[in-house]
Amino acid sequence: MFRRLPDLAVRKAVSFTFDGRSMQGREGDSIAAALLANGIDHVRVHPVSGAPRSPYCLMGVCFECLVTVNGVGNRQACQTELRDAMVIESQRGARAVSDEISQ
Amino acid sequence: MSEGEKFGEVEIAIVGGGITGASLAWGLSRLGKKVLVLDEGDVAFRASRGNFALIWVQLKGLGFPAYAHWTNWAADAWPGFAQTLSDQTGIDIAFRRSGGLTLALSDDEMEKQAKAWARLREQPDMPACPHERLDHDGIGRLLPDIGPDVVGGFYCPRDGHVNVLRLFAALHRGLALSGVDYRADHRVDAIVPDGTGFRLSGAWGEVGSAKVVLAAGLGNAVLASMIGLTMPVRPVGGHVMVTEKARPFLRYPTTSVRQTDDGGVMIGTSQEERGFDTSVSPAVLSTLAERAIRTFPLLGRLNVVRSWSALRIMTPDGFPIYDRSLRYPGAFGATCHSGVTLAPAHALRLASWIAEDGSSSGLLDVFRGRRFDVPALA
């Protein structure tokens, strides 16, 4: 659905996984941009209605793009820069902060 | 003045549409009264939208046993009130009488609490106030996520909480369903007794009413003097912040941390004497956050998504004022800083008292504003 614009400068490839699938983004991508560029059309399901949700505002206000990053839930994908070897998972249900491994 | 604004026949005009004004209007309309609510708009100082949403009995009434009775009555009436409100409006206000805790982060804090409870127990004419002193392990059985700094605290089974924004919405929907005439952006600047009733006016125009009830929060201080009442209220600021939503992990509210039914964790609450200032102070927020994280270390992993400061409506002794004007018997006033806890008492008992012209005063006599009238010394 989304295609990257030509880069003005060469940006290094960054590897990550989303729900166990290996993907590639570019250095400087937000997680949301990298997921959208990989054809991901929803990053979580709504904890109450179960409806699929995807990045929407891309500027940190709508909280639609929540994902789990390296075991920490409710991260805003549009506000978090992609890093090499990140383990990203779709946010399933509400964040269970008690169950997360201490950082 | 706007031309042609139409008001129906008004028996009772209530000044203020916050939780207290709306509770009174709701109760009076259920007694068959024709009620008009004149409210400010979104820019009003609005404790109803800024508060911490506790329904709290613990340690209430220290130095004023009648207030303990009044609070206990309200707390006991809450389940039925919540049910009636949700049956009427279809809004679930998430009322939970879960019991609540005050936590201590030092032995000194623990002893202060213990002394306060001892003083409360020694007061004459007190209602039963069940409570339990718990050590760290005892608290941990109720709230497993406490940190090592929590030395203990007190649990009271009568405490609880509510979704206060939905309570506010439900009261207002209830008013609309009961035919109450509610007018936002109708700030009342003047009230003039006219012999048989009162003329209330503002930039929007003027209306006449047989009775007037002040429930204008901090606005009461000025309005009261126009109709022979004493309501010396002042603002006391308080900061609150709320985190991102998380799966429920706090089963009980505490005086400073509670998880809402929506999953956000509210962290409060400070006390500032700084007039009508509602700006947010980062220094105050960081103090609140530091204490909250010492209490529940995992809060450090949650993002705060909003913070605000709001104004409590405080009387000189901290207790409510309910009064009927001696000079103008159709004028009533109500003010308190526990409008959530006391909502059923206001909707049911105070509304009846106003409807019956204050004849069945009883308990309410001790809350009159003239307790603050000090004879001038020669």
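Biologist: Is B:Ala94 buried or exposed?
Modeller: B:Ala94 counts as buried because its relative accessibility is 4%. Buried means under 20% relative accessible area, exposed over 50%, partly exposed in between (1.4 Å probe, protein chains only). This is a predicted model: local features need pLDDT of at least 70, side-chain atom pairs need 80 or more, and totals for chains, interfaces and linings use all residues. Residues count from 1 along each chain as written, chains are lettered from A in written order, and side-chain values use heavy atoms, without hydrogens or water.

Biologist: Where does B:Ala94 lie?
Modeller: In the loop between H3 and strand E4 (100-104) of chain B. Helices (H or I, at least four residues) and strands (E, at least two) are DSSP runs, numbered from the N terminus. Phi of B:Ala94 is near 55°, positive though the residue is not glycine.

Biologist: And what is phi of B:Leu59?
Modeller: Near 60°, again a positive value in a residue other than glycine. B:Leu59 counts as partly exposed, because its relative accessibility is 26%.

Biologist: New topic. How many salt bridges cross between chain A and chain B?
Modeller: The rule finds three. It asks for a side-chain nitrogen of Lys or Arg within 4 Å of a carboxyl oxygen of Asp or Glu. One of them joins B:Glu244 and A:Arg75, at 3.1 Å, N to O.

Biologist: Which strand gives the largest share of chain A's side?
Modeller: Strand E6 (residues 72-76) of chain A, with three residues.

Biologist: How many residues does the contact take from each chain?
Modeller: 14 from chain A and 11 from chain B, where contact means heavy atoms within 4.5 Å.
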